[in-house]
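Please look at the strands, the helices and the ligand in turn.

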Amino acid sequence: MPDQAPQSLFSVDEALALSRREIIALHTKYVNPTLVSMFKLLDFDKKFVRAEGVFVYDEDGRRYIDFLAGYGSLNVGHNNPVVLEAIAKVSDRPNLLQAALGALPAALAHNLAQLAPGALQHTFFCNSGTEAVEGGLKLARLVTGRYKIVSATGAFHGKSLGSLSVSGREKYKKHFLPLLDGCSNVLFGDTATLETALAAGDVAAFIVEPIQGEAGVIIPPVGYLKAAAALCRKYGTLFIADEIQTGLGRTGNLFACEYEGVIPDIMLLSKSLGGGLMPIGAIMTTTAHWKTAYGTFDRALLHTSTFGGNARACAAGLASVNYIVDHDLTKQAKEKGTYLLEKLSALRADHPMIKEVRGRGLLIGLEFTEPFHGYLDKITNGALNKLYHEYFASLVASQLVNKYGIITAFTLNNPNVLRFEPPLTIEYAELDYLVSALDDICGQNKSPARTVVRAGQTIAKRMTTRHKKEPRTVK
Ligand SMILES: Cc1ncc(COP(=O)(O)O)c(C=O)c1O
């Protein structure tokens, strides 16, 4: 064997001690250099060293309020001590032991069955949202013996191939074609097109978010979910509620489909189920559907996961769900969300650049007006508005984090919408602070054209100055 340089591997302690510049260099070399460039442009490349509740702290001790909260994964806040304690309690248990029936998944499945709407009694545990979606689609195919899936325009269900097939944004799909056969989108909120799609009686499932998060926080018309569920029943199609983002108190109900008293055939959970500390997902369904799909020796292992139901993730799930129930975070989300929505709506009256504010509970989106009308839009062939649509909300997010210490981000399927989905434990003073920061920013950016040009200049400057400072090598 040719001589090799001795390997130099980081320990955890060394990793924790890496400087911000070393982290940037390592990400550039070993992870996703383009994401590094994006984060640099927005000044999102900070080194955060501590997190507690709604706050995170950077290496200089500056405190930030987290309104992004892991895309809705932190209903109980960062490093919730009750969840941490639950994970510590199982530290000497076998975390993975597939040749035995674990106590923790049993207890968590029991608790979820008590809380879920209707008779969603059986749970399969997995490790992420997109996996829950995959499992839900497979379950629907098995139960119905059909293969077609209908989903809604604008939907976001994840980025693995099956989930992507039922998602709504072409940008994320077009590079991976062909996706799953038999998938189609119908207009979100419209029952007529849904009925047309289901009428042949050959659709396995209609999958829908009760409130679309990544589409820009879109609430369907009153009665839509109930009518959609009824249509599904009529045509033998299973109704899958994707509560991955909306579930566990976020929208002011424990599950968002409860607003209309809808009982899904399959309900999907993830994100906050792990208390922001462990990755976990859940696919819930009725005994009848479970039996049809997996109820024989031959079928019992058709769908499995190495890490699904591991002890630590389930301990986190038990503690997180119990915390939400014990502290009535659902009610808190409802009250605080109503308060924030009112304040933001009042802001809209003062700032025409805010097109709409919408949401339910603490899942709130703020959409910006696309400002280049008539002549300017025409001569640029829509390019200015497109640029604005893709990047303006990110520029505001950049100002929010850098000037005001507020973390947020755009919604994945509509980049012109800023999302506010903080831990449900947030205080009213922090909601007020967000509103005053947005008031400031909107006041300073009254001329969108000037804002876009100024942002372009800042970005160009940042690219040249930061480039010079970049360290050349790391380990
Ligand atoms: C409604 C919904 N479904 C599925 C997913 C995918 O979850 P994950 O990123 O854990 O795969 C998301 C993620 O944002 C989501 O919001």
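S7 and strand S8 (residues 238-242) run parallel and are joined by four bridges. Strands pair if DSSP finds at least two bridges between them; strands (E, at least two residues) and helices (H or I, at least four) are DSSP runs numbered from the N terminus. In this pairing, Ala205 stands opposite Leu238 in S8. From S7 the chain crosses through helix H11 (residues 224-235) to S8, a β-α-β crossover that is right-handed, meaning that the path from the first strand over the helix to the second runs clockwise with the strands pointing away from the viewer.

The model is predicted: local features need pLDDT of at least 70 and side-chain atom pairs count only at pLDDT 80 or more, while totals for chains, interfaces and linings use all residues. Residues are numbered from 1 along each chain as its sequence is written.

Strand S7 covers residues 203-208, and six of its six residues are buried (20 or more other C-beta atoms, placed from the backbone, within 10 Å of a residue's own). Strand S7 also pairs with strand S5, where Lys148 stands opposite Val203.

Elsewhere, four strands form an open sheet of mixed pairing, in the order S1-S2-S3-S13. Its edge strands, S1 (48-52) and S13 (406-407), each pair on one side only. Within S3, Tyr64 is the bridge partner of Val56.

| Strand pair | Sense | Bridges |
|---|---|---|
| S2 (residues 55-58) and S3 (residues 63-66) | antiparallel | three bridges |
| S5 (residues 148-152) and S7 | parallel | four bridges |

The ligand is surrounded by 15 residues, the closest being Gly129, Thr130, Gly158, Ile244 and Gln245 (C-beta atom, placed from the backbone, within 6 Å). Helix H7 (residues 129-144) gives the most to this shell, with three residues.

Terms used. Buried ≥ 20, exposed ≤ 12 C-beta atoms within 10 Å, placed from the backbone.
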